[in-house]
Amino acid sequence: MHTSPWIIAWLLLLQGCTAEQLQRATSPRTDIRDCSTNPPYLPSTVTETTARLAALRGAMKAHSIDAYIVPATDAHMSEYIAERDSRLGWVTGFTGSAGTGVVTLDKAALWTDSRYWTQAERQMDCNWELQRTTWIESIGLWILEAVPAGGNVSLDPFLFSIDTWNSYSEALHGSGRTLLPIETNLVDQVWGDQRPPPASSKIYSLPAEFTGSSWQEKVAGIRQQMEQHVRNPTAVLLSGLEETAWLFNLRGDDIPYNPVFYSYTLLTSTNIRLFVDETRLTAEARQSLQAGCPGPLCVELQEYGQVRAHVRDYAQGNVTIWLGTEYTTYGLYGIIPQEKLLEDSYSPVMVAKAVKNAKEQELLRAAHVRDAVVVIQYLLWLEKMVPQGLVDEFSGARHVDALRWAQEHSRGPSFESISASGLNAALAHYSPSNVSSRKLSVDEMYLSDTGGQYLDGTTDITRTMHWGVPTPFQKEAYTRVLMGNIDLSRLIFPTNTAGRTVESFARQALWEVGLNYGHGTGHGIGNFLSVHEWPVGFQSNNIPLMKGMFTSIEPGYYRDGEFGIRIEDVALVVEAQTKHQTGEKPFLTFEVVSLVPYDRNLIDVSLLSQEQIQYLNTYYKTIRERVGPELQSQQLEEEYRWLQRNTEPFVQSSAGTAAATLCVLATTSLISALLTELQA
């Protein structure tokens, strides 16, 4: 049989591709641990935990405990926590924001979700098993295997939500193991004087020009809800740190990147008690809280540590206490008699905070315009510096943080900047350090997920870039992520639609070709509060979408060990302008307030529909109109020209579609020719 030279060339190319893929698949990774070797291979990013586990197990034996559960949160169910509360991080070495550790007398395991699997393999030593799930049922089954019947399973009840406690109780029910709350936190005990000290910075009042309404107006609104409720609650108990900060227009600095402070509030129809370290209040803040004393708008200051005793005493009367179960710990919940509880997933303060009034909306829009200036400055700087080999992940993160600090009303970043190149971008929440940081390259994709805290609002934006020649698969994956972002952003839906109902619109373009991502599609965002503000978003435990809510929209795609893509914008829920008006509640849609163009180098326009291209062009016109004048007012002329270049309208061309068709035809012809010659 005679085989033509061009088919031989094709087969050699295919053989080369296969060899490359095989080499990539069999090459050992040096960035993660390998516990199968002797001795185990541990990268430099691992934390040694042998001594810490030995100390913890000693404390467990002293309390007759067979298994101890360690969460990743604090006494207020905060997503982001102070270093002082990073008990899971201290005992495991794992610094992700979500996870649960269980330590027995001879084993230790960590449960976390897919965002953090690789990070855990990079940070944990071989004392720890990694369980790639977050289901409490899985934790329960592991405990049942590791702890013999008659054993005690213990936890700190002030670090677990009501639902989580109940789930553990159900998982162990009837097994012969006892779930035993212990108020002495064993990790704190063995951490000892090495544990970071409590916060001591000042708690201050937010200037009136940056608030949507006075705290007195907010209190009146909550009291009105109490009066109108069918159960007639006599008090609202607030445990979430954002709740108290928002209600009283106060801010602090107790948790990095989050302007909150440790506190509880008990609000009744006639008085208000704020549990806080009052020595930290500024004179202005104290005056604001106590200007109405005595009277129903007088805030009585109580010591932070007295909340439990005070709530127990209050619950002895003829009262009904309204609380949100998502942010109340089992330790506090358990001291209130069941018949005196009014339970919702979220408190009325949490829900009120989620729906921004007109002034709060304008404040957040203004913050996003200035934040767009920062990101544009950063993208232009990267375009200049990366080809020269002068930027690594850490220096890039430091640079964008510095640019934010320079903006008006800035209070720094809203979270630790995610600056991830190449394979590091496949970790959804990777943050670089000055110890291990990859150099940015024109040959790799780069993901930048950053945000700012401003007095008028909190921001969060992700852009993915490639300064060289991306592979066809990288371009397709990026474009499909963009298509998902567009499809959800332009969606029109009825009032009170649950976010989970429409979340799949962000995934559809990926699903069509068998791709997906393992994290949520969005989260709420605050007015100079938390960058992840519940209860808004697209998950099953979020409340329905309503006019005035802000949420992120952030689909992505991650190929482990190679690259990652995420495109994130913040959007405001607004009324949609529909052709027909039914006379009922109006339909809703999203107004994107993040104002930075996407990477044209990664967009395959041939994949986009006419409607998606029209949406992009309208969005780019808005960016020019809103950000262009701000760039000029800050005398950033080079950035202004960059913006004009990168917001040129897209033109749908049949060339891309034709090229794709030719590719298919060519491939078919090649296969046909090859089969013919092989059969000859």
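This briefing walks through a few strands, sheets and helices of the structure above. The model is predicted, so to speak of local features a pLDDT of at least 70 is needed, side-chain atom pairs count only at pLDDT 80 or more, and totals for chains, interfaces and linings use all residues. Residues are numbered from 1 along each chain as its sequence is written, and side-chain values use heavy atoms, with hydrogens and water left out.

- Five of the five residues of strand β10 (residues 264–268) are buried, so the strand is largely enclosed by the rest of the structure. Buried means under 20% relative accessible area, with exposed over 50% and partly exposed in between (1.4 Å probe, protein chains only); helices (H or I, at least four residues) and strands (E, at least two) are DSSP runs, numbered from the N terminus.
- Tyr 264, Leu 266 and Thr 268 cover one side of β10, while Thr 265 and Leu 267 lie on the other, and all are buried.
- β10 pairs with strand β8 (residues 235–238) in the antiparallel sense over four bridges, and here Leu 237 sits opposite Leu 266. Two strands pair if DSSP finds at least two bridges between them.
- Strand β11 (residues 272–275) also runs antiparallel to β10, joined by four bridges, with Thr 265 opposite Leu 274. A hairpin of three residues connects β10 to β11.

**The β15-β18-β19 sheet**

- Three strands form an open sheet in the order β15-β18-β19, with antiparallel pairing. Its edge strands are β15 (410–413) and β19 (457–458), each pairing on one side only.
- Two bridges link β15 to β18 (residues 452–454), and Ser 410 has Tyr 454 as its bridge partner in β18.
- Helix α14 (residues 358–385) packs on this sheet, touching β18 and β19, and its direction makes about 135° with that of β18. Contact means heavy atoms within 4.5 Å; axes are lines fitted to C-alpha atoms, for helices over the stretch in contact, and angles run from 0 to 180 degrees between N-to-C directions.
- Helix α15 (residues 393–405) touches β15 and β18, with its direction at about 170° to that of β15.

**The β16-β17-β20 sheet**

- Another open sheet of three strands has the order β16-β17-β20, again with antiparallel pairing. β16 (418–421) and β20 (461–466) stand at the edges with a single partner strand each, so one side of each has no neighbour in the sheet.
- Six bridges join β17 (residues 445–450) to β20, and Ser 448 pairs with Arg 463 in β20.
- α15 lies across β16, β17 and β20, running at about 145° to β16.
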